[in-house]
2 protein chains.
Amino acid sequence: MKLYDTTLAPNPRRVRIFLAEKGLSVPIVPLDISKGENRTPEMLARNPLGGVPFLELDDGTVIAESIAICRYFERTHPEPPLFGVGAKGEAWVEMWQRRMELELFRHVTGAFQNLHPFFKGRIEQVPEYGEVCRRNAATRMRWLDGELAKRPFVAGDAYTVADITALVAIDFGRQTEIRIPEECESLKRWHAAVSGRPSAKA
Amino acid sequence: MKLYDTTLAPNPRRVRIFLAEKGLSVPIVPLDISKGENRTPEMLARNPLGGVPFLELDDGTVIAESIAICRYFERTHPEPPLFGVGAKGEAWVEMWQRRMELELFRHVTGAFQNLHPFFKGRIEQVPEYGEVCRRNAATRMRWLDGELAKRPFVAGDAYTVADITALVAIDFGRQTEIRIPEECESLKRWHAAVSGRPSAKA
């Protein structure tokens, strides 16, 4: 098994934190996406969409998409559970994981893709939309602050994949000057707690 | 158990098709989102973000987010499996489900939100970004056409939640004149097949 990884993007960090929380170590193949190492003919033969990370299993199967990779490890290494437990618990964590993606991660990455020089010439940037994303990210952080006033972690009393998505989104926001609003004390308390876990360095 | 539903949006249709494929019938509470019935104080007390659909369990727990609702029913009613089987199978379907969301559903709904009069005054529309989404949707349909030349359904030989997301995305594209490109024979063959299933009427 090999994990094709890069340190320059938010999605790979989600998988690295997830593996660290599980206490798992997987052989890494580092790819420098700024040099296009993910888009060589050899890599596109493995993963035609060119995204990173992707996981190559011993039988040659390639699993792309960060959350699909995390889910694979949740199934093969259930402890500690990071996607919830039981029908209701799993649905609950899925709801919060998706909210962290749709309400936070989406806007932070939308801002980056439409405002940052890295994507200039790579995609059709629409700076006006990037600014909408920046404003939405700030609005959603204020909403999340209210949620985190009620409980220690995003989905409840336990750390889950929803915390990983939120942490990575917030930290990646720095690239486009998206920061936790000063008055969001609960969000800051949570951010300090999850950033203090050894997994956050992954 | 009650499913709060609306017929005017793509996400609720995903859940209805999913339930139809499972052969399940859940009591429905219809909400007219054009009249703001999802944003009354009574509804916001249940589901503060105001999205539809959401599922209210008998113990009062509210599960929002379409895929979280589908996952709840997958766990309580495993047959027929629509999220894959086994660690590798579940990761594989998750990969394709997410690709259908990120490569297709996201662009179709991005076009709608930024171009359609329904969202005028409701969100900050950026028509230029809506046009980028329309172009991306067409590009991704051509890519998906190539994938569907290799197998009957999006994730393989069996119908899964990835087909549901792709079907709902493509049908909703009509709202902004996004249509399957003429030359995409495999995508058209697949679309006719999944549209012919009784669940597609849900």
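View 1. A:Pro53 sits in the loop between helix 2 (41-46) and strand 3 (54-56) of chain A. Helices (H or I, at least four residues) and strands (E, at least two) are DSSP runs, numbered from the N terminus. The peptide bond joining A:Val52 to A:Pro53 is cis, with omega about 10°. The model is predicted: local features need pLDDT of at least 70, side-chain atom pairs count only at pLDDT 80 or more, and totals for chains, interfaces and linings use all residues. Residues are numbered from 1 along each chain as its sequence is written, while chains are lettered from A and ligands numbered from 1 in the order in which they are written.

**View 2. A cis bond joins A:Glu79 and A:Pro80.** Omega is about -15° here. A:Pro80 belongs to the loop between helix 3 (66-76) and helix 4 (86-115) of chain A. Most residues other than glycine have a negative phi, and most peptide bonds are trans.

**View 3. Glu65 has a positive phi in chain A and in chain B.** Phi of A:Glu65 is near 75°. This residue lies in the loop between strand 4 (62-64) and helix 3 of chain A. Why does A:Glu65 count as buried? It has 24 C-beta neighbours inside 10 Å. A residue is buried if 20 or more other C-beta atoms lie within 10 Å of its own, exposed if 12 or fewer, and partly exposed in between, with C-beta atoms placed from the backbone. For B:Glu65, phi is about 80°. B:Glu65 is in the loop between strand 4 and helix 3 of chain B. B:Glu65 is buried, with 24 other C-beta atoms within 10 Å.

**View 4. Four strands of chain B form an open sheet.** Their order is 2-1-3-4, and the pairing is mixed. Two strands pair if DSSP finds at least two bridges between them. Strand 2 (28-30) and strand 4 (62-64) are the edges, each pairing on one side only. Strand 1 (residues 2-5) and strand 3 (residues 54-56) run antiparallel, joined by three bridges. B:Lys2 has B:Glu56 of strand 3 as its bridge partner.

**View 5. Helix 7 of chain B has a buried face.** B:Leu187, B:Trp190, B:His191 and B:Val194 are buried in this helix (residues 185-195). Seen down the helix axis, the buried residues fall within an arc of 100°, so they line one face. That arc is taken from the directions from the helix axis to the C-beta atoms. B:Glu185 and B:Ala192, on the other side, are exposed. The buried residues of helix 7 pack against helix 5 (127-148) and helix 6 (161-172) of chain B. Two residues are in contact if their C-beta atoms, placed from the backbone, lie within 7 Å.

**View 6. Chain B meets chain A.** Each chain brings 25 residues to the contact. Strand 4, helix 3, helix 4 and helix 5 of chain B each supply at least two residues of its side. Helix 4 of chain B gives the most, with nine residues.

**View 7. B:Ile63 is in the largest nonpolar core.** The core has 112 residues. A nonpolar core is a set of buried Ala, Val, Leu, Ile, Met, Phe, Trp, Tyr and Cys residues joined through C-beta atoms within 7 Å. A:Phe18, A:Ile63, B:Phe18 and B:Ile63 have the most contacts inside it. Leaving aside neighbours within four places in sequence, B:Ile63 is in contact with residues including A:Ala91, A:Trp92, A:Met95 and B:Phe54.
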